[in-house]
Amino acid sequence: MLTDHDEEHVPAIDWGCLSRVLVVGNGKGGVGKTTIAANTGGLAAAGGARSLIVDLNGQGNVGRELGYRKGPLDDEGQALYEAVMNGTPLMPIRDVRPNLDIAVGGPHVGRLPAHLSLKYDGHSKRQALMLAVALQQVADNYDIIVIDSPPENPPLQQLSLAAARWLIVPVKSDSAAIEDGLGGIARQFALVRKKVNPFLELLGVVLFASGTSSTAIRRGVADDVERTIGKGTPMFESVVRHSEAVARQSRERGLLVHELEQAAANNPAFWQVRAGEVSSDQVVSQTSKSVAEDMARLTREVFTRLRQREGIRA
Ligand SMILES: Nc1ncnc2c1ncn2[C@@H]1O[C@H](COP(=O)(O)OP(=O)(O)O)[C@@H](O)[C@H]1O
Ligand SMILES: [Mg+2]
């Protein structure tokens, strides 16, 4: 893992080809990282962008959102583990949806930090850059790459930040959690920028599972965020609203939120439910439409902001 005092020879990275790599990160769990990574990556693919989601988690929850978990495609992170350990090209599973490939996460990924530090003992920068090395060999195949990063795991966070150009930070609206979670990711962000990836930038902070989209709440969260990671922190306008029904049904069915919304078109008629002909479990929540709109708005905002920021630098 990176520390503040190591100097060494590092692998060459073609940062240009990693310029469309986004990482979704926050030091805390349960703030929407996986949901946002899966849905923005999935919506980008549905909109025609060649997309890759990298699930850099020991739990492999991206597979719940997309429905491949524990199925024949689920290698529990073995392929991702091997590519990162050896610096060989990442071999994702192809076409999980049209235009959407996935580097599957799982328990093998959880073993990466310990095994990398054994194999590249004393070379902490090399350890941190191994995902970048594996990713840059396939990055040209994609218009957008989204990495879902784990909470409370600095070595895996460093691997993901060191392979990315942009960081998106989801937060929930309570201050204590904002300070804890942001403080953690902000430290890793600063260390990775200083030591291995000077191109890493914050794209924005997004409010997740909020009961309200009111300007006052957003303002309050923006203040908490600024207190933790500094002034000028760009909040996204889009907010993902709270819906437990949508969250549960999406994972139960292995459908992204816009797919759940489409499934709602096939809902049984209310009288069939009332007459006991079908169970209420088969009825897709109508809130899926609103949450799908939130996800679509956020995804559009991400792309608009990317183009703006890329334009400013050009
Ligand atoms: N719109 C939503 N409202 C409320 N809860 C949600 C929503 N979308 C997803 N969830 C649930 O919130 C929990 C945390 O989300 P997740 O994306 O797994 O967070 P993280 O990856 O940061 O741990 C999950 O159980 C998920 O199903
Ligand atoms: Mg997660």
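## Helix 7 and what covers it

The buried residues of helix 7 are covered by, among others, strand 1 (21-24), helix 5 (112-119), helix 6 (124-136), strand 5 (144-148), strand 6 (166-171) and helix 8. Those buried residues are L156, Q157, Q158, L159, S160 and L161. With 6 of its 8 residues buried, helix 7 is largely enclosed by the rest of the structure. Here a residue is buried if 20 or more other C-beta atoms lie within 10 Å of its own, exposed if 12 or fewer, and partly exposed in between, with C-beta atoms placed from the backbone. Helices are DSSP runs of H or I with at least four residues, strands are runs of E with at least two, and both are numbered from the N terminus.

A word on the model: it is predicted, so local features need pLDDT of at least 70 and side-chain atom pairs count only at pLDDT 80 or more, while totals for chains, interfaces and linings use all residues. Residues are numbered from 1 along each chain as its sequence is written, and chains are lettered from A and ligands numbered from 1 in the order in which they are written.

## Helix 7 against helix 8

Two packed helices are described by the angle between their axes and the distance between the axes. For helix 7 (residues 154-161) and helix 8 (residues 175-195), the axes come within 10 Å and cross at roughly 50°. Axes are lines fitted to C-alpha atoms, for helices over the stretch in contact, and angles run from 0 to 180 degrees between N-to-C directions. The two helices are therefore oblique to each other; under 35 degrees counts as roughly parallel, over 145 as roughly antiparallel, 65 to 115 as roughly perpendicular, and the rest as oblique.

Who does the touching? From helix 7 come P154, Q157, Q158 and L161, and from helix 8 come I185, Q188, F189 and V192. Contact means C-beta atoms, placed from the backbone, within 7 Å. By class, that gives 5 nonpolar, 3 polar and no charged residues. (Ala, Val, Leu, Ile, Met, Phe, Trp, Tyr, Cys and Pro count as nonpolar, Asp, Glu, Lys and Arg as charged, and the others, Gly among them, as polar.)

## Helix 3 and helix 5

The axes of helix 3 and helix 5 also come within 10 Å, crossing at roughly 25°. That makes helix 3 roughly parallel to helix 5. Y81, V84 and M85 of helix 3 meet L112, H115, L116 and K119 of helix 5, a set that splits into 5 nonpolar, 1 polar and 1 charged.

Within helix 3, L80, Y81, A83 and V84 are buried. The buried residues of helix 3 pack against strand 4 (100-103), helix 4 (107-110), helix 5 and helix 6.

Helix 3 is followed by G87, which has a positive phi, near 70°. Then there's T88, sitting in the loop between helix 3 (78-86) and strand 3 (93-97). T88 is partly exposed, because 13 other C-beta atoms lie within 10 Å. Setting aside neighbours within four places in sequence, T88 is in contact with E82, A83 and A134. The C-alpha atoms of T88 and V138 are 9.9 Å apart, though 50 residues separate them along the chain.

## Around ligand 1

The shell around ligand 1 holds 17 residues, and the closest are K33, T34, T35, A209 and A247. A residue is near a molecule if its C-beta atom, placed from the backbone, lies within 6 Å of it. The shell divides into 6 nonpolar, 8 polar and 3 charged.

Helix 1 (33-46) and helix 10 (244-253) each supply at least two residues of the shell. Helix 10 gives the largest share, 4 residues.

How values were computed:
Two residues are in contact if their C-beta atoms, placed from the backbone, lie within 7 Å.
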